[in-house]
Structures are given as C-alpha cells and as structure tokens.
Amino acid sequence: MAILEVNEVTGGYTRKPVLHGLTFEIGKNELVGLIGLNGAGKSTTIKHIIGLMNPHQGEIKIGGVTFSESPEAYRKAFSYIPETPILYEELTLREHLELTAMAYGLDKDVFEARSAALLKEFMMEKRLNWFPSHFSKGMRQKVMIMCAFLVEPSLYIIDEPFVGLDPIGIRSLLEQIEERKANGASVLMSTHVLPTAEKYCDRIIVLHEGKVRAQGTMDDLRKAFNRPKATLDELYISMTEERDYEQHA
Amino acid sequence: MNNMREIWGSRFGHYMTELQKYMKFVFTGHLAIVMLFTIGAGGYAYSEWLKEVPATFPAALLTAVIIGLALAIGTPVTLLKPADIVFFLPMEGKLKGYLNRSLRYSFISQLPLPFLLFIVAAPLLAATAIAEKPQIYLTAFVILLVKWLYVDIDYHYRHANDGHGIWKDRMVRFVLGAVIIYVTLASNPLFIPAVGAVIVIYYLYWKKRSNEKPFPYEHFIMLEQNRMMRFYRFANYFTDVPHLKGSVSRRAWLGFLMRPAKFGLTTPQRFLLTRTLIRTDDNFWLWVRLTALSVLGIALIPFPFVIYIFSGALAFATSIQLVYALRAGNDFRMDNLFPEAKDTRAPAIRKTVSAFQLVQAAAVFVTAVIVTGISVTPIIVTAVVIVVSEITIRFSDKK
C-alpha cells in the first residue's frame, strides 16, 4: 500500500496554478527524490503535502486519509524538515525536543531513549541548554532533523537537507534515513545534490514547470531521456537544455 | 549619486517617512492613553506638591543635575548603513558635508529633552524663588549653547576613540553641564564664561584629536543600527514591525514559572507559550512595565475612583497587547503541523495571559493593602483588574 498518494493535484498560491495535475505515489520502505530546477514546483508540492496549502483540484492521502478526513491522523503520519530551519528562538534545544515529544504524544521513556540516541548521533549532547541564537546554520538544521526523527512517523518529508550540514552531519543524516527505511518508513526528499540523490534514492521524480516530467528508478529515467549511460547530473542538464531549446524555438 | 549632500537628503527623507509610519501607531496606541493618565496624575501631584514645597528645597541643584544628565546623553543620528563601509570609503574626504548635516539634525532632535525638563523644572524654580524671568531665559540660552557643543564633542570623542570609553566623556560632560546650569541658576553670572571656557577647551581638544584619525565606520554604523533597533523595538510595542528580531533571555530565575514538559497525551501549547511570554524580552518587559505602572498609580493617586480607572486601563492595555503579541504573525511555525484535532493555540493563549494577569492582580492587591490598609479599595481594584483582563482576553480572541 502506498504511504503517500498524490492524485491529479492542481494548485498554487493564487488562482493561477503552479502545479498541474501532479500524480505520484510513495510506497512503504521507499526513499524518493524530488528534483527539479528552481521554480519547478518542489516547495509548492511539499507545502500541499504537509497541508499548508489546499489543492484546487485532486487529492492527497497520507496513510490512506486526506487532511480533511482527519487532520490529526494525517499530521501524525509524517514529520517535516523544512529547507530553512524554523526554530523557536525562546526555546532551548532540550525544549525543542520536549515540545515535539509532547505534540506527538511520546512517553517519557521513549522520549529519553530516542533523544539520547539522536543527540549522540548528531553530536549535540553538550548543547542541550543552548538557545538557537547560539547555533550555526548547520546546528539549527540538526535540531530540525532531530525533532523530525524523534517522532518516528511512517513518512519523512525532507526539503533540501544537505545545505549547511558538515560532512559528518550529512553522513549521519543519510545513515538515519537508511535506518528508518529499514524499519519500514518512507522518505520524500527534495534536493539539488544530485550525486547523493542518485546514490541513495530508490526512485526519482523529476518536476518540470509544475508537472511530473519523468519518474522512476535511474534506469527508468535514462530510458525516458534516451541517455542510456547518463548520470543524474547529466540528465538534469539535458533537461535544462531541452528547456532552453523550447524557449528559443 | 556622488554628492554626499544629496545622499544625506534622500536618506533623511526615507528616515522621516519611516519615523512617521511608526509614530502614527505610537500616538494612537493603548500606551498613549496610559501616558496621558500618567502625565495627568503626575502633573497634578507635582502641582499639589509645589504649593507646599519648603523654601530650603535644593531646587537649583536638582535641576542642574537632571538637566546635566539630559545634556550629556544622546547619540548622533548618522543614518549610515552597513554598505557604506565599502562605498563611502573612497569618498572619505567628502564625508564632511554629510556629517555636518547629520550633526545638525542630531542637535535639533536632542534639544527637546533638556528643554522639556527645564520647562517642568521652571515652576519649581519659581516656587523656591531661585530664578526670575531673565534668569530662566538665560538658562534656556545656556542649555541651547551647551547642547550644540555637546553634540559635536560626542561626535569627535567617538571619532577619536573608535567609540571606546564613551561613558568617560559622558561623565565629564555631565559634571561640566550640571555645574554650568547650577552657576547660571545660582546667580553667579561671572562663573558662566569660566565653565563655558572649560567646555570649549574640552571641545577643541577632541576636535583636534579626531582630525588625526580616520573615520571609524564600524563604530558609527553599529551605533546607527543599534539606534534604529531601539526605535523599532519601541514601535513594536504598538504595532507589528516586520523583520524585527525580538531578543530572548533565559531568565532562569523565573524557571519555577515554566513548568517542565509533561509527556503522554498533552497539548504542548502552554509549554511553548509560557516560555515565549517569559523569555521574549519585548513581551516580558511590556508586562513588567505596565504592572509596575499600575502599582505606582495605586501608590501615588489619592482618589480611589481614579485608581480603578487607571488600573483598569492598564489591565486592558496589558492583556490586549499580550494576546496580540502571542498570536502574532502569519509566519510558519512548526506547531502549525502538530497533530491536533482542533486549534489548541487560541485557548492556550487565553489561559497563559489570564495567568499573567492574575499575577498583576496580586501585585495590585498587595500594593493597595499596603497603601490604603484593609478596606474596600484593594478588593475593588483587584476585581477591576481581573474582570477587565478576562473580558479583554475573551473579546480580543475573535480574529
């Protein structure tokens, strides 16, 4: 059964839609990469999925329910890591974790065990009582990642996670993702770091001008672009050139 | 735009629009009413006190000290921007035209404070028979001259020392300013030129020293940014100022008010909001200020009826501003995504502000008992605070 179903979704900020009849699915245990040029509609897609925007048409289901059917169950099924870390300046790192645990109804024991492991993994144990104003961009990102992973939902939605993280942070993140996948969770990850996407993602969705330009495994994509040996980087560039060609034609 | 005078002109235009934009909110805000009450009550108490002030009261000394302080404080308004450190660098020679205008404006904008204080002090000086009319005019003229020199001294001192140790300069100027005001009031006109000469020598010394140094862009830019931040923070009490990053303090001494996390099926909003209220400087000091004002009012206002109105108005101002501050903004917060069947934030805001207003009510009650003893006044004023707060919180709830 698919964890996330995006069905013929058309939507945008104004009446003029940014997304046009978007359709894709994410199955259990899948890590799916969402890639596309700036302005292709990645962030808008994510905003629709997390329920911050309502589609004009079509529907989105997480764990089999739409947002309007049950906001609580819908939200409980995923956690989200935004592109820019959004922290509460007035809460310490520990309080961010506690707040998340309270919101998602974790027990104290579960909270203690999970947070201890995450703090160790991301090397933030010594910063429990720090406020965000003292964190670097990468540390702020780590706080967001830890909060999202603390919840252990069935779906992780991660927007451009690698910017600002140091190499060890990136490795930890990828290890965590692999581990969660092994335990049955799914991940939707938007990124511009294509070699990483190519290496780690089970499937890739290429967005272009608010439509799904291509989706599937690397082999599927190579076939779709008719470039049998190309890397994801090369496929991406060729898509750009295609667009230039369209613009000049 | 190479002409530095033009640059000052256009920046000054922008600055004035910005000031007007926010001052509009300041003068129509809740605090304006409170200020009106305070000034009214203060003025009344002052005039009553003037009727019976003893002739031996050290009015001249007090006036000299207060005016001296008002003369010594104030920072230059340079309207410099961070990018100037790059773009103005090749034009340092032409900076003078820009800075002269900036100092002229600084002088004009700093003049009202010592003058207003002097106007307030004038009836006291008359009541204690210290100063006659000509002397009042002479003092006003001295204030004008001293402030004019002080704006320049402040600038040259900062220039010469990269802004370090400005408090030393302020101490010196405070003492000189207080002395010259005192000798003017105490009818020692001969001493005026003597102290005046010292001030002029002090001015010339720092002017010479500053000429030996390159212009310290970093200091003046930082000064300007801090000044604007203070203004925005002030304006933020009355309206939402975009891009204003409210500063946050841990306030560990209030830790006992911030209950620890409760796990299991709880709503985290109170956990979050209590911390937001206590740790965000703007919100917290707003509450402290308005509560202190309420307490002061009870201590100083002699009529119970006026106390009820005063404390009620403050309870209204506090509750409504806290509710708005906590609700603030359409920015995305992570709690927007928390799995909850219904909105738990609005009721949590109500409860949090209610709890804070109960503390205000308690402060009011204790003060009223101390001032009036056990009577109906403490009970009524406390009831007024609680009832007004609750009504305000409930009615401001609707978006």
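Leaving aside its neighbours within four places in sequence, with which residues is B:S311 in contact? In this predicted model, the residues concerned are B:S294, B:I298, B:V381 and B:V385. B:S311 itself belongs to helix α13 of chain B, which covers residues 304–327, and the side chain of B:S311 forms a polar contact of 3.2 Å with the side chain of B:S294. Because its relative accessible area is 1%, and a residue counts as buried when this value is under 20%, B:S311 is classed as buried.

In soluble globular proteins, nonpolar side chains tend to be buried together. The largest nonpolar core of the model comprises 88 residues, and those with the most contacts inside it are A:L4, A:I49, A:F78, A:L93, A:M124 and A:F149. Helix α5 of chain A, spanning residues 137–151, contributes the largest share of this core, with 10 residues. When neighbours within four places in sequence are left aside, the contacts of A:L4 include A:F24, A:I26, A:I49, A:I62, A:L155 and A:L188.

The structure also holds 1 cavity of 30 Å³ or more, and the largest cavity has a volume of about 160 Å³. Its lining consists of 16 residues, of which A:T100, A:M144, A:C147, B:M334 and B:F338 lie nearest the centre of the cavity. In chain A, β5 (78–81), α3 (93–103) and α5 each supply at least two residues of this lining, and α5(A) gives the most, with 4 residues. By class, the lining of the largest cavity has 13 nonpolar and 3 polar residues, and no charged residues.

Methods:
Residues numbered from 1 in each chain as written. Chains lettered and ligands numbered in written order. Predicted model: local features only at pLDDT ≥ 70, side-chain atom pairs only at ≥ 80, totals over all residues. Heavy atoms only, no water. Buried < 20%, exposed > 50% of the residue type's maximum accessible area, 1.4 Å probe, protein only. Polar contact = N/O pair within 3.5 Å; in protein donor to acceptor, adjacent residues only side chain to side chain. Contact = heavy atoms within 4.5 Å. Core = buried A, V, L, I, M, F, W, Y, C linked by side-chain atoms within 4.5 Å. 1 Å grid on protein atoms, 1.4 Å probe; cavity = no way out; pocket = protein on both sides within 12 Å on 5 of 7 lines; lining within 4 Å. Points joined across faces, edges and corners; volume = space filled by probe spheres on them. Nonpolar A, V, L, I, M, F, W, Y, C, P; charged D, E, K, R; others polar.
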